[in-house]
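I keep these notes for a reader who is new to this structure.

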Amino acid sequence: MTKLCILNVVGLTPKLLRHAPNLAAMGNHRAWTSPVPAVTCTSQATMLTGLAPRDHGIVGNGWLYRDTQEIRFWQQARTLVQGDVFYDRYETAKMFWWFNQSTTAQYGATPKPHYGCDGSKVFDILDWSGCNLTEKLGPFPFFGFWGPAAGIASSDWIAKATALVMREKQPQLTLCYLPHLDYDFQRLPDHDPARVAEVDAAAAKVIEAAGEIGAQVIVVSEYGLVPVDTPVGINQVLRRNDWLKVRRGPFGEIMLPGESDAFAVADHQLAHVYVRRPELIPIVRKTLEETPGIASVVSPGDLQLDHPRSGELIALAEPNAWFTYYYWLDDANAPDFARTVDIHRKPGYDPCELFMTSKLRAAARLAQKKAGLRYKMDVIPLDPTLVRGSHGVLPANHSDGPLVIGPGELPETMQGFPRYVEQLLAPRSGSRQDFRLSRNERNS
């Protein structure tokens, strides 16, 4: 049986590959084209289904749920992806790739904290690998996965966990997600080769395990990051025109999507602009087109984003710009969650969560937590000029974009990836078995 391991090394580009000898040794490489937006959830859904966003429905890392008028980011349910995924047909270990809840993968792990009724949170993972990962490797370093302390610890843990699962379960297909380059490449304008060397060393642990079980390694990346210096407060523009509505309260201003004539869901360098009244679309579009930092405002169909989850308009940032989600006009009125790491409550992506206002303040908040007191980890700055890297629009130069590494003829676009994987797995696989097992069957 042919075995395959797909390493998703976020942020790896052809230009950076020379600093990653272990990954480069896995085969030929080529730049390939991502969907727009070039963001994690959309890119992964496209790679796994071979469909455009208009068909698989993952139009960003988050969007407006029109039936509840809620903006939700970073949802994990596999059922959100509309279309077949190629791993359904193989015995699969899916390690930290997105849409990893209610998945058909027989083995896997994904981040999933525990939430108490008093607002408390305990970090943990879902682990159905059958390998008791946290018992053997220690707790997953959640603070290294996202937030001001995000760094190599999380990718290294994922690599070790993946290697462990591969050796113990020997799945036909393994998917491993290594996000390390996403962190400093958003914090800093220059791409430090040392960060590439770090993730290359982590990947080597997976590559070694793949060799032991006879699995071919394929390397992919979702996007490349580019330097930025211009944050664009797109929601603040809409609010100044009295289209965006808020509610003031004891915890700051809260945006009211259902009461707003127009608002934006900011996602790196792309924003979905939802316009409630069709007659307002032309004036909203014109207003945004005249906003510094916005390159263009287009209809969703122009980008294969014409899906009910998309906004009525799509705003694209200039190459050196990105969109903040901020909708308040005075920081004194910012919602309390704005100064915390809160990826599910914020109505847009917030890279300022990679920074910290004060280590002393953070230490004091941790002391409150250990003492059993209610606390708020309000250590995130409200200064978007700190962010120096972003992604989402297609880069001007292919060497700054995503890549694929592997044997044979490599696909030109992410939509061609399922066929490429099928071809690699087909030669010795014989008749394909249906591996879509229930969770109870997996654990038996």
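This is a predicted model: local features need pLDDT of at least 70, side-chain atom pairs count only at pLDDT 80 or more; totals for chains, interfaces and linings use all residues.

I began with a definition: on a 1 Å grid over the protein atoms alone, a cavity is a set of points where a 1.4 Å probe fits but cannot get out, and its lining residues have an atom within 4 Å of a point. Residues are numbered from 1 along each chain as its sequence is written, and side-chain values use heavy atoms, with hydrogens and water left out.

Entry on cavities. I searched the whole structure and found 3 cavities of 30 Å³ or more, and the largest cavity holds about 40 Å³ of space. I then listed the lining of the largest cavity, which is made up of Cys41, Gly60, Asn61, Gly62, Trp63, Tyr65, Arg72, Trp74, Gln75, Leu80 and Phe99. Strand S3 (residues 62–65) gives the largest share of that lining, with 3 residues.

Entry on the sheet. I took strands as DSSP runs of E with at least two residues, and helices as runs of H or I with at least four, numbered from the N terminus; two strands pair if DSSP finds at least two bridges between them. I read an open sheet of 8 strands with mixed pairing, in the order S2-S22-S11-S1-S10-S5-S6-S9. Strand S2 (28–31) and strand S9 (125–127) each have a single partner strand and stand at the edges, so one side of each is left without a neighbour in the sheet. Strand S11 (residues 215–220) runs antiparallel to strand S22 (residues 403–406), and 2 bridges join them; I noted isoleucine 405 in S22 as the bridge partner of valine 219.

Entry on the helices. I used contact to mean heavy atoms within 4.5 Å, and angles running from 0 to 180 degrees between N-to-C directions, with axes fitted to C-alpha atoms, for helices over the stretch in contact. Helix H2 (residues 40–49) lies across S1, S5, S10 and S11, and runs at about 165° to S10. Helix H5 (residues 152–169) packs against H7 at an angle of about 0°, with the two axes 9 Å apart. That angle makes H5 roughly parallel to H7, a term for angles under 35 degrees. Where do H5 and H7 meet? Among the residues in H5 I noted Ile152, Ala159 and Met166, and in H7 the list includes Val199, Ala202 and Ile213.

Key: Angles under 35 degrees count as roughly parallel, over 145 as roughly antiparallel, 65 to 115 as roughly perpendicular and the rest as oblique. On a 1 Å grid over the protein atoms alone, a cavity is a set of points where a 1.4 Å probe fits but cannot get out, and a pocket is an open set with protein on both sides within 12 Å along at least five of seven lines; lining residues have an atom within 4 Å of a point. Grid points are joined across faces, edges and corners, and a volume is the space filled by probe spheres set on the points.
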